[in-house]
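Dear colleague,

I am passing on the structure that we spoke about, and below it you will find some notes on what turned up in it. Please read them with the model open beside you.

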Amino acid sequence: MTLSTAIQPRPWRMPRARVIFSALGLAIGGLMVLPLVWLAMRAAQADLATVIDMFTRPRTLQLLGNTLALVVCTLALATAMALPLAWLVSRTDLKYRRLVNILAVIPLATPGYVMAYALIGLSGNFGFMNQVFGFTIPRLQGLSGATLALALYTFPYIYLNLRAAFAGLDQSLEEAARALGASPREVFLRVTLPHLMPALMAGWLVVGLYVIGDFGAVALMRYEVFSYAIYIQYSVMFDRVYAAWLALMLITIALSVVWWESRLREGAHYSRTGSGAGTARRRMTLPPVFQLLGWGFVALVVLASVGLPIAVLSFWMVRLDDLQAVMPALVRAFSQSLSVAVPAALMAAAMALPVAVLAVRYPSRLSTFINRLAFVGYAVPALAFALAFVFFSLNAARFLYQTQVLLVTVYALSFLALALGPIRSALYQARPSVEESARALGHGPLSVFARVTLPTIRPGVVAGMVLVFVIAMKELPIAFLLAPTGFRPLSITMFSRTSEGMLMEAAPYAAAIMLFSALFVGFVLRHDKKAG
């Protein structure tokens with residue numbers, strides 16, 4: 001052996017663990033994106049003249065206008081409820097603020113289509129208002145009904161972001177503006193509001209994406225937007241090409257919202273630039289009159305978002321002749337919901353693990369790319385995502401079409417981002433030195449992951465599974481398109497009976513959905529308490 005051969009450096013090798021996790025991450029990303037390619041291929045079967053006709057149809061323009069109007073109106077109403085609540089809890093000495101905080105989050109237990117059911121149950125000669133108070137109100141429907149149902153459900157997302165922003169805002173900036181002669185209105189508009197914009201945009205992004213992809217509330221309120229039209233074109237009109245183009249338009253709108261939100265955040269800075277410490281947080285003292293006004297606003301929001309669905313559900317539940325007779329069907333629907341929610345939660349956690357490990361332990365351009373692919377299913381509207389898998393299964397994997405396996409897989413991919421967040425956070429907090437010690441003792445990458453990493457991040461894995469489980473239990477649009485024949489989980493049964501005017505028969509299923517959604521609210525409140 002020559003000296004030159006002896007000192008020749010060993011060829012560089014990518015760590016075996018990185019190769020394994022990269023391969024798994026790319027496979028998951030491919031599974032996420034491949035059906036969208038089939039959706040585009042299905043849409044491409046139309047010739048140019050047909051495509052131009054689809055884009056210029058009055059109905060298409062009407063759907064676009066209706067969708068944008070619903071998003072704007074819902075965001076405006078949800079913000080009008082969330083902003084005062086966040087200010088009262090964070091900046092004033094309003095009594096029982098912790099109770100207000102809980103009451104402001106509880107509406108997350110009432111999905112949009114259940115809130116729409118409650119609003120519908122108010123009206124008519126046999127509705128709650130006429131039977132209890134003796135006067136009839138017209139049936140809520142269209143833009144106003146859909147806006148009210150969605151805003152009452154989604155405003156807590158904006159509230160949570162705003163409350164955190166108020167807590168982190170340096171009050172010395174506002175005091176400096178007041179010392180310079182600015183009025184309270186000018187301080188709010190020129191100092192406070194600009195510093196709240198990141199939180200507002202984060203909340204608007206979540207709510208806007210949900211509203212764009214909502215199906216249940218708009219269908220019950222008979223308001224035609226893209227998501228509802230996609231379902232009609234696919235299931236009733238059997239115009240698959242037009243349904244594919246509508247789905248692509250809906251995806252484009254959703255991605256445009258994500259792009260718009262990210263561009264608005266670019267180059268924005270909201271931190272202190274001067275020296276010195278910020279002032280301690282001080283609360284505004286509310287006189288008795290304003291205490292009453294504050295609680296009056298809280299009561300109005302809580303009665304509309306919490307009291308309304310509980311009262312209407314109780315009203316229809318009491319009118320049931322024989323609840324015992326309903327129980328077998330309710331238990332069957334519940335078990336069918338469980339049969340997809342549990343494996344979907346397990347699969348989502350299993351998919352999120354390699355993506356999270358790759359992002360935290362092996363950061364690179366590839367890991368960033370895979371991490372972004374993991375959020376595609378959550379960003380793409382649910383109905384469009386499900387339709388993509390319909391076309392994919394029909395053309396490339398017909399044995400999966402209308403099977404429970406496909407439904408569980410799409411659930412896992414769609415909610416993968418929910419499982420990824422807690423797992424990634426847990427990995428950031430786990431010490432890499434423990435894993436390095438295990439490798440030094442001779443353990444391979446899979447052994448280190450199974451014996452060291454996984455037990456350490458178990459709380460994050462469980463949290464991610466709980467999120468996916470609860471969301472899957474009440475999911476509606478994906479189930480509507482992909483459910484096997486005869487598969488009737490809680491969401492489909494409740495929606496179908498409500499759309500047929502069978503409000504009394506739908507009540508037990510709506511109540512069951514609210515009870516299980518309360519698990520999600522409990523998780524949010526528990527996490528919020530730890531964060532606080």
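**Aromatic rings and their surroundings**

Phe495 is buried, its relative accessible area being 6%, and please keep in mind throughout that this is a predicted model. Phe495 forms an aromatic pair with Phe480, in which the ring centres lie 5.2 Å apart and the planes stand at 85°, so that the pair counts as edge-to-face because that angle is over 60 degrees. This pair links distant parts of the chain, with Phe480 in helix 24 (residues 477-482) and Phe495 in helix 25 (residues 490-499), 15 residues apart. Both rings also belong to a cluster, in which ring pairs link them with Phe215, Tyr228 and Tyr231.

Helix 25 also holds Thr493, which is buried at a relative accessible area of 6%. If residues up to four places away in sequence are not counted, Thr493 touches Ala333, Arg488 and Tyr509.

In the whole structure, the search finds 18 aromatic pairs. One of them is formed by Phe128 and Phe315, again edge-to-face, with 5.6 Å from centre to centre and 85° between the planes. Here, too, distant parts of the chain are linked, since Phe128 sits in helix 7 (residues 128-133) and Phe315 in helix 14 (residues 288-318), 187 residues apart. Phe128 is buried, with a relative accessible area of 13%, and Phe315 likewise counts as buried, at 12%.

**The fold and its core**

Stepping back to the protein as a whole, you will find 26 helices and zero strands, and of its 532 residues 51% count as buried. Among contacts with a separation of 6 or more, 83% are between residues 24 or more positions apart.

The largest nonpolar core has 181 residues, of which Leu39, Tyr117, Leu162, Trp245, Leu387, Tyr411 and Leu482 touch the most other members. Helix 15 (residues 323-361) supplies the largest share of this core, namely 17 residues. To see how one of these residues is placed, you could look at Leu162, which, leaving aside its neighbours within four places in sequence, is in contact with Ala82, Leu83, Ala86, Leu196, Ala199 and Leu200.

**The surface**

The protein exposes about 25,200 Å², and carbon and sulfur atoms supply 65% of that area. Leu26, Leu366 and Phe369 make a nonpolar surface patch of about 260 Å². Of these, Phe369 is found in helix 16 (residues 365-373), and with a relative accessible area of 45% it is partly exposed.

**Charged pairs**

Side chains of opposite charge can pair when their charged atoms come close. How many salt bridges does the structure hold? There are two. In one, Arg57 pairs with Asp53, the closest N and O atoms being 3.1 Å apart; Arg57 is partly exposed at 24% relative accessible area, and Asp53 is partly exposed at 39%.

In the other, Glu224 pairs with Arg59, and the closest N and O atoms are 2.6 Å apart.

With best wishes

Key: Residues numbered from 1 in each chain as written. Predicted model: local features only at pLDDT ≥ 70, side-chain atom pairs only at ≥ 80, totals over all residues. Heavy atoms only, no water. Core = buried A, V, L, I, M, F, W, Y, C linked by side-chain atoms within 4.5 Å. Buried < 20%, exposed > 50% of the residue type's maximum accessible area, 1.4 Å probe, protein only. Helix = DSSP H or I, 4+ residues; strand = E, 2+ residues; numbered from the N terminus. Contact = heavy atoms within 4.5 Å. Patch = residues over 30% accessible without salt bridge, like charges linked within 9 Å, V, L, I, M, F, W, Y side chains within 5 Å. Areas by Shrake-Rupley, 256 points an atom, 1.4 Å probe, with all protein chains shown as cover. Salt bridge = Lys/Arg side-chain N within 4 Å of Asp/Glu carboxyl O. Phe/Tyr/Trp six-rings, centres within 6.5 Å; stacked < 30°, edge-to-face > 60°.
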